[in-house]
Amino acid sequence: MPAYAKENEVLYHTNLSREMLRGARYALLPGDPGRVWAIAGEFENRQPLAVHREYTSCLCYCIDLPIVVCSTGMGGPSVAICLEELARLGITHFIRIGTTGSIQEKIALGDVIINNAAVRLDGTSSHYAPEIFPAVADFELVSRLVASAERMMIPHHVGISVSSDTFWPGQERYDSFTGYVLPKFRGSLDMWRQLGALNCEMETSTLFVVAQALGLSAASICGVVVARNRSEQPAGKEVYDLSQKRIYDVLKNLFLKLVGGEQHV
Ligand code: URA
């Protein structure tokens with residue numbers, strides 16, 4: 001029997017209660033607390049909810065559908081905490097909105113990546129399922145994201161992410177303090193590329209495995225801010241803004257379709 005929060009119970013990390021979420025079932029999950037207010041502003045009637053540690057949250061609406069926007073912070077542990085608490089508050093569908101580094105030639109800066117699965121280079125997900133268990137997105141949510149990206153004519157790619165607990169060694173970056181990368185990660189980027197993975201980031205595998213373990217639905221959509229086959233330098237604000245705008249267009253169309261007020265370009 002799921003342990004939903006009690007009446008007016010405020011959960012420890014997110015500082016949220018069921019009453020504050022107004023029956024919302026959908027959550028949008030950026031990593032960055034600083035993006036929450038802007039994301040909620042893409043919808044209607046945004047209201048701030050709570051600010052605690054890495055968890056900044058707002059409520060907003062698509063017509064009459066309540067949507068929670070809550071930051072997860074970076075990396076698996078804080079994603080898992082966010083999911084555990086939002087699940088107890090009645091959220092059933094989670095969509096990560098992230099940034100990512102692409103590793104395939106065909107992907108351009110500013111493109112959008114919809115991950116349907118992830119390589120589990122994180123530690124947190126192994127607390128929920130053995131390492132041989134796959135990290136897979138919810139098929140229906142992914143299909144909705146893809147259909148919406150197609151309707152809005154957003155350049156997008158669908159495939160596997162490599163989700164690493166570390167930004168530097170786990171993503172085979174040598175531009176760190178020491179430049180040292182463990183032998184087990186040297187050459188890993190080429191291996192993932194050869195195997196057809198699309199991108200590297202730090203949260204998706206945890207999101208997918210924890211959601212599956214809790215019986216919930218999750219998907220992930222990220223904007224490409226580094227093209228690792230060309231440069232290690234994240235692109236500037238223009239690329240970031242472009243990719244985020246594309247993601248917002250996909251999500252707004254998805255929710256409009258969900259509530260029956262479809263929008264085409
Ligand atoms: N986030 C990551 O974890 N890696 C990147 O390359 C870009 C964003």
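Leu29, Thr72, Val79, Arg96, Glu203 and Leu207 line the largest cavity of this structure, which is a predicted model. The ligand, by contrast, takes up the space of the largest pocket.

**Cavity**

- One cavity of 30 Å³ or more turns up when the whole structure is searched.
- The volume of the largest cavity is about 40 Å³.
- Three nonpolar residues, one polar residue and two charged residues make up the lining of the largest cavity.

**Largest pocket**

- The largest pocket holds about 440 Å³ of space.
- Its lining consists of 22 residues. Nearest the centre of the pocket lie Met74, Thr99, Thr100, Phe167 and Val225.
- By class, nine of the lining residues are nonpolar, seven are polar and six are charged.
- At least two lining residues come from each of β5, β9 and β10 (217-227).
- The strand β5 contributes the most to this lining, namely five residues.

**Ligand shell**

- The space that the ligand takes is the largest pocket. Two elements, β5 (93-102) and β9 (199-201), each give two or more residues to the shell around the ligand.
- With three residues, β5 supplies the largest share of the shell.
- Around the ligand are Thr99, Thr100, Gly101, Phe167, Gln171, Arg173, Cys200, Glu201, Met202 and Val226.
- This shell splits into four nonpolar, four polar and two charged residues.
- Thr99, Thr100 and Phe167 belong to the shell around the ligand, and these three residues are also among those nearest the centre of the largest pocket.

**Polar contacts and burial**

- Arg173 places a polar side-chain atom 2.6 Å from an oxygen atom of the ligand.
- The side chain of Gln171 has an N or O atom 2.8 Å from a nitrogen atom of the ligand.
- How much of the ligand's exposed area does the protein bury? The ligand taken alone exposes 240 Å², and the protein buries 91% of that area.

Methods. Residues are numbered from 1 along each chain as its sequence is written. This is a predicted model: local features need pLDDT of at least 70, side-chain atom pairs count only at pLDDT 80 or more; totals for chains, interfaces and linings use all residues. Side-chain values use heavy atoms; hydrogens and water are left out. A residue is near a molecule or strand if one of its heavy atoms lies within 4 Å of it. A polar contact is a pair of N or O atoms within 3.5 Å; within protein, one must be able to donate a hydrogen and the other to accept it, and residues adjacent in sequence count only if both atoms are side-chain atoms. Accessible areas come from the Shrake-Rupley method with a 1.4 Å probe; for residues, only the protein chains shown count as cover. On a 1 Å grid over the protein atoms alone, a cavity is a set of points where a 1.4 Å probe fits but cannot get out, and a pocket is an open set with protein on both sides within 12 Å along at least five of seven lines; lining residues have an atom within 4 Å of a point. A molecule sits in a cavity or pocket if more than half of its atoms lie within 2 Å of its grid points. Helices (H or I, at least four residues) and strands (E, at least two) are DSSP runs, numbered from the N terminus. Ala, Val, Leu, Ile, Met, Phe, Trp, Tyr, Cys and Pro count as nonpolar, Asp, Glu, Lys and Arg as charged, and the others, Gly among them, as polar. Grid points are joined across faces, edges and corners, and a volume is the space filled by probe spheres set on the points.
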